[in-house]
Amino acid sequence: MANTPPDKPERFGPRTRLVHAGRNPSDQHGFVNTPIYRGSTVLYPTTDDFLHRRARFPYGTKGSPTIEALETAWTQLTGAAGTVLAPSGLAAVTVALMSCLKAGDHLLVTDSVYRPTRQFCDSVLQAFGIETTYYDPLIGGDIARLFRPNTAAVFTESPGSQTFEVQDVPAIAEAAHRHGAVVLMDNTWATPLFFKAHEHGVDLSIEAGTKYVSGGSDLLLGLVSANERCWPALRRTFDAFAMCAGPEDVFLCLRGLRTMPLRLQEAERQALELARWLETRPEVKRVLHPAFESCPGHAVWKRDFKGSSGLFSIILEPVPPQAVAAFIDGLELFGIGASWGGFESLITPFDCTGYRTAAPWNPGGPGVRLQIGLEDLADLRADLEAGFARLRREAARAA
Ligand SMILES: *Cc1c(COP(=O)(O)O)cnc(C)c1O
């Protein structure tokens, strides 16, 4: 019966599962999608029911059919024990960290981590008596030597979303688990379609739904999936903060999830083609894309990942800052802006030299990050080509 979910969805491929996950048309009068349920108050039939909170959804902060739909779909996709939905990717990072740390604990974080995650560790966690040590993203199993008796968690992000070092998450997870520590991962770049975080030893996996799940640059959402070990504490912490996502954003994210495999495949294809072209350009010193041998950790990517997405970086040959600005500022199709995973192409300069501590960043030229959207590839290439002409002119003028 097509108006109820199929039995044993595990027997199907990921695309089939994503079409059916988290919806039951027969519960919604036959309509295909679970609608947006808005609500704080939930009414109970009797005093006794209220006193014992006998209800599928006891109050707005505890969930709704809309929220449950995306939670269920994500839990199925990730192979987790459970999922919580936070109002942004960063909120997902912070609630995941708070669920496995307490005062007096020590935390290991990759030096390539998303910068706001780093700022949370250095401000809030530090103020609550949790000490963070940053480690070389390429450390692998050698991370064992950094464990202290009070090391409670290891945070990974693979690849780093600017510098693209691919981490040996299974080796890090093995060392962490030997020590009893929890392993967290920011898996936003690969999504569960290209990297099965829990199967590779991750206990708490984070996704900024803002990016590929949404696909539209028009919402903020964060998802945290947990395995059996970490699920009870994650749910408890999430309920305590009541860090609830809004129903419209959840609805749109679930809508995006259905088409994510196709958008991701297309982003991967377009990005690979552009990156291959960029590699041949004399203005480009290096391409930082996990599918390229020049990318630190490429062998690990090849071993563990099922694909690459549409975000990568290039290191330009040394030119003055005004030449980089001339390259970027005149682009017609690439927007200058943070975030990624949407249908439109973006470009941003980056420089991590000022804040990395464990693995200093000296790439030997200016860094530029590209998010490749769904535009025609030839148009994107022509836009960049014109940009390189401006870069050369400006560099010649400055010389
Ligand atoms: C964007 C991003 C986040 C945070 O997501 P927001 O929804 O913007 O808060 C977290 N991690 C990575 C790797 C990101 O790129």
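Predicted model: local features only at pLDDT ≥ 70, side-chain atom pairs only at ≥ 80, totals over all residues.
**Entry 1: domains**

I began with the domain assignment. It gives domain 1 as 13–256 and domain 2 as 260–398. I then looked up the separation of their centres. Taken over C-alpha atoms, the centres of domain 1 and domain 2 are 28 Å apart. Next I checked who takes part in the contact. Domain 1 brings 41 residues to it, and domain 2 brings 42 residues.

**Entry 2: the buried area**

How much area is buried between domain 1 and domain 2? I read about 3700 Å². Carbon and sulfur atoms give 62% of that area. I also asked which residues of domain 1 lose the most area to domain 2. They are Trp189, Phe194 and Tyr212. Together these three make up 23% of what the domain 1 side buries.

**Entry 3**

I found 3 salt bridges counted between domain 1 and domain 2. I also looked at the salt bridge that joins the side chains of Arg303 and Asp168, where the N to O distance is 2.7 Å. For polar contacts, I noted 21 residue pairs between domain 1 and domain 2, both residues at pLDDT 80 or more.

Which elements of domain 1 supply the side that touches domain 2? I listed helix H1 (14–20), helix H5 (115–127), strand E3 (131–135) and helix H7 (191–194), each with at least two residues there. H7 gives the most, with 3 residues. I sorted this side of domain 1 by class as well: 17 residues are nonpolar, 15 are polar and 9 are charged.

**Entry 4: the ligand**

I moved on to the ligand and listed its surroundings. Ser88, Gly89, Leu90, Tyr114, Glu157 and Ser161 are among the residues around it. I then went through individual atoms. Leu90 uses its backbone: an N or O atom there lies 2.9 Å from a ligand oxygen. Asp186 has a polar side-chain atom 2.6 Å from a nitrogen atom of the ligand. In Thr210, a side-chain N or O atom is 2.5 Å from an oxygen atom of the ligand.

**Entry 5: backbone details**

Is the peptide bond from Ser158 to Pro159 cis or trans? I found it cis, with omega near -10 degrees. Pro159 sits in the loop between strand E4 (151–157) and helix H6 (169–179).

Last, I checked Lys8. Its phi is positive, about 45 degrees, although Lys8 is not a glycine. I placed Lys8 in the segment before H1.

Definitions and conventions. Residues numbered from 1 in each chain as written. Heavy atoms only, no water. Domains from an automatic or database assignment. Contact = heavy atoms within 4.5 Å. Buried area = accessible area lost by both parts, 1.4 Å probe. Salt bridge = Lys/Arg side-chain N within 4 Å of Asp/Glu carboxyl O. Polar contact = N/O pair within 3.5 Å; in protein donor to acceptor, adjacent residues only side chain to side chain. Helix = DSSP H or I, 4+ residues; strand = E, 2+ residues; numbered from the N terminus. Nonpolar A, V, L, I, M, F, W, Y, C, P; charged D, E, K, R; others polar. Near = heavy atom within 4 Å.
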